[in-house]
Amino acid sequence: MTTAAAVFFGFLLDCVLGDPERLWHPIMGIGTMISFWKKRLRAWFPDSARGQLWAGAVLWFAVVIPSWLIPAAILYAAGLLHPALAFVIETLFCWQIFAAKSLKQAALRVYRALRKGDLQEARKYVSWIVGRDTAQLDAAQVTKATVETVAENTSDGVIAPLVFLLLGGAPLGFAYKAVNTLDSMVGYKNEEFLYFGRFSAKMDDVWNFIPARLSGLLFVLCAKPAGLDAKGAWTCFKRDRLQHASPNSAQTEAACAGALGVQLAGNAYYFGKLYEKPTLGDAKRPIEPKDIVRTNHLMYVSSAAAVCVLCAVRCVIGWRLGW
């Protein structure tokens, strides 16, 4: 039950404080660890498809295991001093694992730039949060990219961390963030990472398989409370949720497209190369900058509902099993 309480209060801290820019963040440490091992492992293993596949697999374990082990050791040591100290530290860890407010703030930077008609600034801000090429995007494409990012990262930044935090506390939460960060840094199908990043990309698919579907269903269930189209969300979720090269990315994007009544996804350029992708949702109306705000609201309503319900379930299960 203390784990559920730490998760709940950690989420509240994230909603209020977000990620203070001047404070060091543990995810930066994970990124540094990835960069450290990436350079060395690529040099140590043969420069062949098989060699780079093995190097990428070793990288995954070299990053994920310490990401679980270090916070576990810290919490164990804190618990030996006093259980209250362990609870406070785990609450702070949970705060750092959630990313709802930082996601909202990143999206609103794009929204404000679009509202004042500064497309160059909007392109700059959206380039900070998406992997696609942004230099040639028009205002509608910038808006679409931002909405897609908020929808997809509701799972990656809130719902999936919530699931793993409730299953294994902050250590498993940080292990998940390591999995997710590895995918974002090396999980690309380009010349550099086609083989080296494949293991990280596949493991990200595995770890996010259930949370992504849970997130999509939450978007459907919370569309009406968020003032959006619940019927449209359900229709597009059922029809389009597998219309993506990734088995997980379209789960929330499809539900979000239906809830908003707009069309998302479609072709995009990555590293100068055009990737043809199917569209999600129906273009009942043109997408507009205000859809960024609407998607943020849907993200918060869905996240709050998930935190309240799943923390309560964790408390009941813990009480029944004597955890």
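## Exercises: a cavity, a helix pair and a pocket

A search of the whole structure, a predicted model, finds one cavity of 30 Å³ or more.

**Exercise 1.** Find the volume of the largest cavity, list its lining and sort the lining residues by class.

*Solution.*
- Step 1. The largest cavity holds about 60 Å³ of space.
- Step 2. Its lining consists of D19, P20, L23, W24, H25, W95 and Q96.
- Step 3. Four of the lining residues are nonpolar, two are polar and one is charged.

**Exercise 2.** Determine how helices α2 and α3 are oriented to each other, and describe their contact.

*Solution.*
- Step 1. Helix α2 spans residues 26-44 and helix α3 spans residues 49-81. Their axes come within 10 Å and cross at roughly 150 degrees.
- Step 2. Angles over 145 degrees count as roughly antiparallel, so α2 is roughly antiparallel to α3.
- Step 3. The crossing of α2 past α3 is right-handed.
- Step 4. From α2, the contact uses I30, M33, I34, W37, K38, L41 and R42. From α3 come Q52, A55, V58, L59, A62, V63, P66 and S67.
- Step 5. The contact of α2 with α3 has 11 nonpolar, two polar and two charged residues.

**Exercise 3.** Which helices each supply at least two residues of the lining of the second largest pocket, and what classes make up that lining?

*Solution.*
- Step 1. The second largest pocket has a volume of about 280 Å³.
- Step 2. Its lining has 13 residues; W24, P26, I70, P71 and F174 lie nearest its centre.
- Step 3. α2, α3 and α4 (83-97) each supply at least two lining residues. The largest share, five residues, comes from α3.
- Step 4. The lining divides into 10 nonpolar, three polar and no charged residues.

Notes
Residues are numbered from 1 along each chain as its sequence is written. This is a predicted model: local features need pLDDT of at least 70, side-chain atom pairs count only at pLDDT 80 or more; totals for chains, interfaces and linings use all residues. Side-chain values use heavy atoms; hydrogens and water are left out. On a 1 Å grid over the protein atoms alone, a cavity is a set of points where a 1.4 Å probe fits but cannot get out, and a pocket is an open set with protein on both sides within 12 Å along at least five of seven lines; lining residues have an atom within 4 Å of a point. Grid points are joined across faces, edges and corners, and a volume is the space filled by probe spheres set on the points. Ala, Val, Leu, Ile, Met, Phe, Trp, Tyr, Cys and Pro count as nonpolar, Asp, Glu, Lys and Arg as charged, and the others, Gly among them, as polar. Axes are lines fitted to C-alpha atoms, for helices over the stretch in contact, and angles run from 0 to 180 degrees between N-to-C directions. Helices (H or I, at least four residues) and strands (E, at least two) are DSSP runs, numbered from the N terminus. Angles under 35 degrees count as roughly parallel, over 145 as roughly antiparallel, 65 to 115 as roughly perpendicular and the rest as oblique. A crossing is left-handed if the near helix is turned anticlockwise from the far one by less than a right angle, and right-handed if clockwise. Contact means heavy atoms within 4.5 Å.
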